[in-house]
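Subject: Handing over the model

Hi,

Here is the structure I promised to pass on to you. Could you have a look at it before you read my notes below?

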Amino acid sequence: PARVAYAMAIPAVALMVLTVLLPIAVMLAMSFTDYRFGEDAIPFVGLDNYLSLLNDRTFRKALINTFTYVAMVVPGSVILGLLLAVLIDGLDRGGRVYRLVFFLPVTATVVAMAMVWKYLLHGTIGPFNLLLAAVGLPAIDVFGDRSLALAGLAVINIWSLAGFNMVLFSAGLTAVPQDLYDAAAIDGMDDRLDRFFSVTLPLIGPTMMFVLVTSTITAFKVFDTVAVITRGGPRGASDVLLYTTYLEGFSYFRMGSAAAMTTVFLAIMLVFAWVQARVLDR
């Protein structure tokens, strides 16, 4: 029986090795070379690519922008998703309709919605600025202002992630026994806010951990909106790690350096996932 079980597991293991582990191994090996796309030679340079990243101002700026972006998107999308789930869960009617409406951004194509947001927030012809002009306020060029571009991209991602997080939290809320709310009411806990922090929030801890981890990974992987709307501008204000890696590999063809950036990106995500799991598990 054991041999049969191992034999049946071989196709799945082989698929995982070929599609996950092998590409990661190739990427790690390439990060120690100075390989350039299209060349036959693959010169070994050791840790030079990683040492160069320490002195690369563009990489450091992209790293800071990425962490800033994640710091805005993760709390915003998690809190908004939880708030929507709690509010919809308390409705007697129309809960399914509201869930469908708020989940629609998740089903939309990111590139298409990025173009829509780019038009809505355009500095001159965007409806948002036309509305500001109608009430006598000055126009705001969100994606043309260095101090607003990254925040504008974060708002788009919060908008697209909140619906997905709402569905996950809604599933977690259905697993909370009603008996615990009744027991809390008998003990004198009449305030809904107290019941939420004392009963609901602790019991949806596993859901909260999953939402935090997935939201963090999604926020770190931001690329589409940057590539479509700002292309890292204005003057590098919205340049993020994946977009910088993309330019390094597929615009400048420095695949070794791009592999090193990808390795750093993978290490950051693994550390974040581990820390979140340890903290929330406690």
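Below is what turned up, going from the overall fold to the pockets, the surface and the backbone.

A word on conventions. This is a predicted model, in which local features need pLDDT of at least 70 and side-chain atom pairs count only at pLDDT 80 or more, while totals for chains, interfaces and linings use all residues. Residues are numbered from 1 along each chain as its sequence is written, and side-chain values use heavy atoms, with hydrogens and water left out.

**Overall fold**

The chain has 13 helices and zero strands; helices (H or I, at least four residues) and strands (E, at least two) are DSSP runs, numbered from the N terminus. Its C-alpha atoms fill a box of roughly 75 × 75 × 30 Å along the principal axes. Of the 282 residues, 35% are buried (buried means under 20% relative accessible area, exposed over 50% and partly exposed in between, with a 1.4 Å probe and protein chains only).

**Pockets**

A pocket here is an open set of points on a 1 Å grid over the protein atoms alone, where a 1.4 Å probe fits, with protein on both sides within 12 Å along at least five of seven lines; lining residues have an atom within 4 Å of a point. Grid points are joined across faces, edges and corners, and a volume is the space filled by probe spheres set on the points.

The largest pocket holds about 650 Å³ of space. Its lining has 19 residues, and V86, Y181, R192, F196 and T200 lie nearest the centre. The elements that give two or more residues to this lining are α3 (57-89), α8 (178-186) and α9 (192-203), and α9 gives the most, with seven. By type, the lining divides into 13 nonpolar, three polar and three charged residues (Ala, Val, Leu, Ile, Met, Phe, Trp, Tyr, Cys and Pro count as nonpolar, Asp, Glu, Lys and Arg as charged, and the others, Gly among them, as polar).

The second largest pocket has a volume of about 380 Å³. It is lined by 20 residues, with V110, N157, S160, L161 and T218 nearest its centre. At least two lining residues come from each of α4 (95-107), α5 (110-120), α7 (149-174) and α11, and α7 contributes the most, six residues. This lining splits into 13 nonpolar, five polar and two charged residues.

**Surface**

V13, M16, V17, L18, V20, L21, L22, I24, V26 and L28 make a nonpolar surface patch of about 800 Å². Patches are made of residues with over 30% relative accessible area and no salt bridge, joining like charges within 9 Å and nonpolar side chains (Val, Leu, Ile, Met, Phe, Trp, Tyr) within 5 Å. A salt bridge is a side-chain nitrogen of Lys or Arg within 4 Å of a carboxyl oxygen of Asp or Glu, and areas come from the Shrake-Rupley method with a 1.4 Å probe, where for residues only the protein chains shown count as cover. V13 sits in helix α1 (residues 2-30) and counts as partly exposed because its relative accessibility is 44%.

**Backbone**

Where is P234? It is in the loop between α11 (224-230) and α12 (241-250), and a cis peptide bond with omega of about -5 degrees joins G233 to P234. R231 counts as exposed because its relative accessibility is 64%, and R235 is exposed at 69%.

Best wishes
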